[in-house]
Amino acid sequence: MGYGGYQGPVCDFHTHLHLRLHRQDDGSWGCCPRRRDPLEPLLRGVLWRMFELMRYRYAIGRRSPLERPLERSLARILRGFPAETAPDLIARMDAAGVDRAVVLALPPIVTNEDVLACCAGHPRLIPFVSPIPPDLPEAETGPGGGDPERQVDDLLARGGRGVKIHPVFQRVRLDGKFVRRVVRRAARHRVPVVLHAGGSGRLFGIGCGFRTEPEEFADLARQVPEARLVVAHVGLWEHPQVLAAVERFPQVCLDVSFQAPSVIRRCVERVGVDRLLLGSDSPIGRVRLVLENLALAGLSADEIGRIVWHNPRRLLTATPGRTGQ
Ligand SMILES: [Zn+2]
């Protein structure tokens, strides 16, 4: 299967398993407490379908008036996605010609244990683990008890090949102590750190409007210059602000999930092709659509090959080793 003339192997740097947003019972879904959301099929059939037909073009910008209603609708759509297992993901990869996929943990929706166990049986799946901030209830029962360094050491020793941080969902600041310590530890292990970017807490049903300021990405890159950071989705509809914040840091890469061909083109012009990675956010996003968007962005077969295989491989090659305490 080829895209834009590229015929080689493909690595999707952003996928998930077992999305259990619907099982969150922390009251965060107060706007829609029922298990089965009667509006979800309509929202998915119209709004989400339109978003895909528009090839992930956004009708909103950061803090624009439509952001709030759109995030609320997107939250209901996200919550309606069915659970995904490793065989589901592999079937999806096979259908789109994807060889490898980075599988990101997101506790408590997708636990580290789930991701490590699923990937252990499937060598094509590459597990990324997510340390739990000490003030979340799950930290008490997890390994390391909320301590960032111990969690990173433990989760990588158990097979993690990289780290995921979702600052909005996990309610942490990127320029705060917890994230800085996690990222510093990951850098010592020479593994990359994927950072969710874009949207507010409303998108995940947290409802408090908690969000990451674009400058936090720059602050983190400045504070831990040895870290290899991957900013997910180029910040969704916040891509102008996120690009402006990170473009001067050569160690920061971006995954182009949920971005239209015109934005992918702009990313190439602003940061260069070697800092971009293929990402789909499967099962929510469709990898085939992202691959088509790369071709529609006017990239050559060689440029596509770097984004979908060589850059991901470069980030994944450092083998995690034990660090001194
Ligand atoms: Zn994701």
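1. Axes here are lines fitted to C-alpha atoms, for helices over the stretch in contact, and angles run from 0 to 180 degrees between N-to-C directions. The model under review is predicted. On that basis, helix α1 (residues 40-53) packs against helix α2 (residues 67-80) at about 110°, and their axes are 9 Å apart. Angles of 65 to 115 degrees count as roughly perpendicular, and α1 and α2 are therefore roughly perpendicular to each other. The crossing of α1 past α2 is left-handed.

2. Which residues make the contact of α1 and α2? From α1 come Glu40, Leu43, Arg44, Leu47 and Trp48. From α2 come Ser73, Arg76, Ile77 and Gly80. By class, the contact of α1 with α2 holds four nonpolar, two polar and three charged residues.

3. Helix α7 (residues 214-223) and helix α8 (residues 239-246) pack at about 20°, with axes 8 Å apart. Angles under 35 degrees count as roughly parallel, so α7 and α8 are roughly parallel to each other. Their crossing is right-handed. On the α7 side the contact is made by Pro214, Glu215, Phe217, Ala218 and Ala221. On the α8 side the residues are Gln241, Val242, Ala245 and Val246. The contact of α7 with α8 divides into seven nonpolar residues, one polar and one charged.

4. Now the sheet. Eight strands form an open sheet, with parallel pairing, in the order β1-β2-β3-β4-β5-β6-β7-β8. The edge strands are β1 (11-15) and β8 (276-277), and each pairs on one side only.

5. Two pairings can be followed by residue. β1 pairs with strand β2 (residues 100-104) in the parallel sense, over three bridges. In this pairing, Thr15 stands opposite Val103 of β2. β2 also pairs with β3 in the parallel sense, over four bridges. There, Val102 is opposite Ile126 of β3.

6. Is strand β3 (residues 125-129) buried or exposed? Five of its five residues are buried, so β3 is largely enclosed by the rest of the structure. In a regular strand the side chains alternate between the two faces of the sheet. Both faces of β3 are covered. One side has Leu125, Pro127 and Val129, the other has Ile126 and Phe128, and all of these are buried.

7. Next, the backbone exceptions. Most residues other than glycine have a negative phi, and most peptide bonds are trans. Phe258 has a phi near 55°, a positive value in a residue other than glycine. Phe258 sits in the loop between β7 (252-255) and α9 (261-271). A residue is buried if 20 or more other C-beta atoms lie within 10 Å of its own. Phe258 has 28 C-beta neighbours inside 10 Å, so Phe258 counts as buried.

8. Which peptide bond is cis? The bond from Ser282 to Pro283 is cis, with omega near 10°.

How values were computed
Residues numbered from 1 in each chain as written. Predicted model: local features only at pLDDT ≥ 70, side-chain atom pairs only at ≥ 80, totals over all residues. Helix = DSSP H or I, 4+ residues; strand = E, 2+ residues; numbered from the N terminus. Parallel < 35°, antiparallel > 145°, perpendicular 65-115°, else oblique. Left-handed = near helix turned anticlockwise from the far one by under 90°. Contact = placed C-beta atoms within 7 Å. Nonpolar A, V, L, I, M, F, W, Y, C, P; charged D, E, K, R; others polar. Pairing = 2+ DSSP bridges. Buried ≥ 20, exposed ≤ 12 C-beta atoms within 10 Å, placed from the backbone.
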